[in-house]
Amino acid sequence: MVQDTFEHRVEPAYDRDGETAFKRLSEISTEVPDLLFLDWNMPKWTGKQCLIAIRRLPGYSEIPIIIYTTSREMKDKDDALRLGASYFLSKPASINQLYNELGYIFSLDWKMHELH
C-alpha cells in the first residue's frame, strides 16, 4: 500500500519499542535510513530517550527524524525539536489528512528544510 501511494520508493521497517529500535539502528550492518519516523510515546524507551540516543549514533546526526505522536502538547513539540527532531507530526484525525501530511514530508528537500 505505501509503495503505491507515493512517487518515491518507501521501505518501511518497524520495531515494537524504542530500545529495540535503537539496538537495530546501532548495529554496524544496519544501513542508515534516509528518513526515520519515531513515536514519542513508545514502551521501554520513550521517544525522547530514543531521539537523544539516535542523534549520538555515527551517521545519524543529520538524517531527518519525524516524531509521529498522539500528543498535541506544545511542550512535547518544543522538546522534540530542541533535542534534534526534524518535524513533529501529531496523528491526524483522518486518513486523508495523514496522506496529505506524509505527502508533504516525503516531498521536502531535507537538506534545505529548517526544523519545524
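Predicted model: local features only at pLDDT ≥ 70, side-chain atom pairs only at ≥ 80, totals over all residues.
A residue counts as buried here under 20% relative accessible area, as exposed over 50% and as partly exposed in between, with a 1.4 Å probe and protein chains only.

Residues are numbered from 1 along each chain as its sequence is written, and side-chain values use heavy atoms, leaving out hydrogens and water.

S71 sits in the loop between β2 (65-69) and α4 (74-82); helices (H or I, at least four residues) and strands (E, at least two) are DSSP runs, numbered from the N terminus. The S71 side chain reaches the backbone nitrogen of E73 at 3.1 Å. Setting aside neighbours within four places in sequence, S71 is in contact (heavy atoms within 4.5 Å) with N41, D76, F88 and S90.

Now to the rings. Those of Phe, Tyr and Trp (its six-membered ring) pair if their centres lie within 6.5 Å; planes under 30 degrees apart are stacked, over 60 edge-to-face and the rest tilted.

| Pair | Centre to centre | Between planes | Class |
|---|---|---|---|
| F37 and F106 | 6.2 Å | 75 degrees | edge-to-face |
| Y87 and Y104 | 6.0 Å | 50 degrees | tilted |

F37 in strand β1 (residues 36-39) and F106 in helix α5 (residues 95-107) are 69 residues apart. Y87 lies in strand β3 (residues 87-90) and Y104 in helix α5, so their pair ties together parts 17 residues apart in sequence. Y87 is buried at 5% relative accessibility, whereas Y104 is partly exposed at 33%.

How values were computed
Polar contact = N/O pair within 3.5 Å; in protein donor to acceptor, adjacent residues only side chain to side chain.
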